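The following note sets out points on the two-chain assembly shown below. Please read it alongside the sequence and the coordinates.

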Amino acid sequence: MNQQAAIRRFYAEIWPLRDVVLRTAQILAGNVPDAEDLAQETLLKAFRFIDTFRTGTDAKAWLLAILRNTRLDRLRIRGSAGHISLDEMAGDPADEAYEVEQSVWERPADVLNKFSDAEVIHALQALPEEIRWTLLLVDVEEIDHVEAARMLEAPVGTIKSRAHRGRQMLRTALLPLARDRRLVREPNRG
Amino acid sequence: MPDPNESSDLQQAMHDRLGRLRAMPVDASRLEQALQSHLPQRPGDLRGRLPFLRLNPLRAMAASVLILGVLTAVLVSSFTGPVLASPAQMAQLHNDLVSGRAPVMQVDSIESANRTLAGQSPQSPAIPSLPEDHAMACCMQSVKNKKVACVLLKKEGVPITMTVANAADMRLPKSPTITRNGVTYHVQSHGPLNMLMTERNGRWVCLIGESQPDRLMDIADQLQF
């Protein structure tokens with residue numbers, strides 16, 4: 001591909017997705033300067049490697065894969081890459097505490113919609129990196145499980161399991177806030 | 001899409017709430033600004049080519065006064081003798097083109113570069129043609145108030161700038177020379193960049209790039225005036 005064609009392709013297929021990259025970077029980084037820095041590096045890499053983007057494939061998934069690699073490289077440099085196993089995850093569905101937690105949400109959609117985006121993002125920050133990525137791809141960007149599995153280099157079953165657990169963990173992380181605002185029912189004691 | 005095995009309201013509610021983050025507004029203006037200095041201009045983006053289009057009226061007026069001043073200076077200087085382009089100036093010109101700092105017009109051949117530049121400035125010196133030129137961008141620049149036409153080429157993956165001016169406007173440097181096929185080339189360097197200058201058919205031509213002088217000479221050999 002000549003330089004002209006590469007420039008045209010970048011601006012036609014990748015540039016319109018800059019908001020998606022920045023938003024995802026903000027959710028991951030938790031602050032605007034780091035997010036802008038991460039998004040900038042991602043888009044520059046996308047331009048440099050535009051030759052490797054195959055026409056007809058999902059540009060958003062391609063771009064988010066670059067964002068993920070860029071983010072992982074940065075975490076590795078900082079020595080905080082979040083590789084976790086399922087055993088390390090909190091919120092086992094069989095857990096008694098989880099059963100109690102589950103029972104307090106009467107109208108979950110209404111309650112969750114009362115949290116601001118910033119509060120949800122803050123709660124997402126507390127999750128392990130791979131869980132956060134799973135929720136970002138599957139729930140926020142609505143990328144299908146198969147594509148998410150390919151991007152996160154995990155079996156489809158693992159992605160489904162992580163998404164399920166991730167939602168529980170996020171709910172658990174938001175519970176103290178919901179309790180403070182009396183948005184959930186207190187469980188019967190005694 | 002939620003996992004089809006998940007039917008619980010809790011799972012669906014969280015899935016939906018996370019999906020609402022997709023509508024979260026983001027301010028990408030700073031990101032766009034930061035990227036502008038690193039990415040080539042979008043094809044057909046007049047704002048990049050004509051920076052004054054982004055100015056408010058007061059600044060536009062100040063810019064107009066400045067442009068008028070520059071034009072006057074150019075007119076006055078056009079009556080002076082030939083000038084000598086320093087290696088640092090030519091290296092700066094090349095680096096600005098390669099990095100996208102200089103406003104350029106995207107082209108796909110030297111022929112289209114000549115058409116574009118002639119449309120912009122009728123006195124633009126014609127750029128000699130090259131077989132398989134791989135031209136990428138062109139622009140008019142000024143070296144000590146003398147107009148030079150520039151075209152950015154890619155040869156074997158290496159960016160090369162060819163700069164052309166009227167021979168009457170430019171002097172050749174007192175640098176080592178190499179003669180090949182009856183043509184004398186003046187060789188200079190600046191950091192990693194090598195430069196080859198010559199005069200042919202009433203035109204001053206300078207090739208700049210990280211290629212060795214021999215390779216630049218191979219290109220110069222193929223120039224058709």
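1. Terms and basis. Helices (H or I, at least four residues) and strands (E, at least two) are taken as DSSP runs and numbered from the N terminus. This is a predicted model, in which local features need pLDDT of at least 70 and side-chain atom pairs count only at pLDDT 80 or more, while totals for chains, interfaces and linings use all residues. Residues are numbered from 1 along each chain as its sequence is written, and chains are lettered from A and ligands numbered from 1 in the order in which they are written.

2. Composition of the chains. Chain B comprises 7 helices and 10 strands, whereas chain A has 10 helices and 0 strands. Along its sequence, chain A accordingly reads α-α-α-α-α-α-α-α-α-α.

3. Burial and contact range. A residue is called buried if 20 or more other C-beta atoms lie within 10 Å of its own, exposed if 12 or fewer, and partly exposed in between, with C-beta atoms placed from the backbone. On this basis, 35% of the 190 residues of chain A are buried, and 32% of the 225 residues of chain B. Two residues are in contact if their C-beta atoms, placed from the backbone, lie within 7 Å. Considering contacts between residues at least 6 apart in sequence, 68% of those in chain A join residues at least 24 apart; for chain B the corresponding value is 53%.

4. The sheet of chain B. Strands are treated as paired if DSSP finds at least two bridges between them. An open sheet of 8 strands, with antiparallel pairing, has the order β2-β3-β4-β5-β10-β9-β8-β7 in chain B. Its edges are β2 (105–106) and β7 (177–180) of chain B; each has a single partner strand, so one side of each lacks a neighbour in the sheet.

5. Helices on the sheet. Angles here run from 0 to 180 degrees between N-to-C directions, with axes fitted as lines to C-alpha atoms, for helices over the stretch in contact. Helix α5 (residues 87–99) of chain B packs on the sheet and touches β3 (135–143), β4, β5, β8 (183–190), β9 (193–200) and β10 (203–209) of chain B, its direction making about 125 degrees with that of β5(B). Helix α6 (residues 110–120) of chain B lies across β2, β3 and β4 of chain B, at about 40 degrees to β3(B).

6. Strand β4 and its partners. What is the extent of burial in β4(B)? Of its 10 residues, 7 are buried, so β4(B) is largely enclosed by the rest of the structure. Antiparallel pairing joins β3(B) and β4(B) over 8 bridges, with B:C138 bridged to B:V151. Strand β4 (residues 146–155) also runs antiparallel to β5 (residues 158–166) of chain B, through 7 bridges. Within that pairing, B:A149 has B:V164 as its bridge partner, and B:K155 stands opposite B:V158.

7. Hairpin turns and positive phi. Most residues other than glycine have a negative phi, and most peptide bonds are trans. The hairpin of β3(B) and β4(B) has 2 residues between the strands, and B:K144 in the turn has a positive phi of about 50 degrees. B:K144 is partly exposed, with 15 other C-beta atoms within 10 Å. The hairpin of β4(B) and β5(B) likewise has 2 residues between its strands, where B:E156 takes a positive phi near 50 degrees. In chain A, the phi of A:E142 is positive, near 55 degrees; A:E142 lies in the loop between α8 and α9 (145–151) of chain A and counts as partly exposed, with 15 C-beta neighbours inside 10 Å.

8. Nonpolar cores. A nonpolar core is a set of buried Ala, Val, Leu, Ile, Met, Phe, Trp, Tyr and Cys residues joined through C-beta atoms within 7 Å. The largest has 43 residues, and A:A25, A:A39, A:L63, A:L135 and A:L137 have the most contacts inside it. Helix α8 (residues 129–140) of chain A gives the most to this core, 7 residues. Apart from neighbours within four places in sequence, A:L137 is in contact with A:L64, A:I143, A:A148 and A:M151. A second, separate core has 41 residues, including B:A135, B:I160, B:I208 and B:A220.

9. The interface. Contacts between the chains involve 31 residues of chain B and 37 residues of chain A. On the chain B side, the elements giving two or more residues are α1 (9–19) and α2 (29–36) of chain B. The largest share, 10 residues, comes from α1(B).
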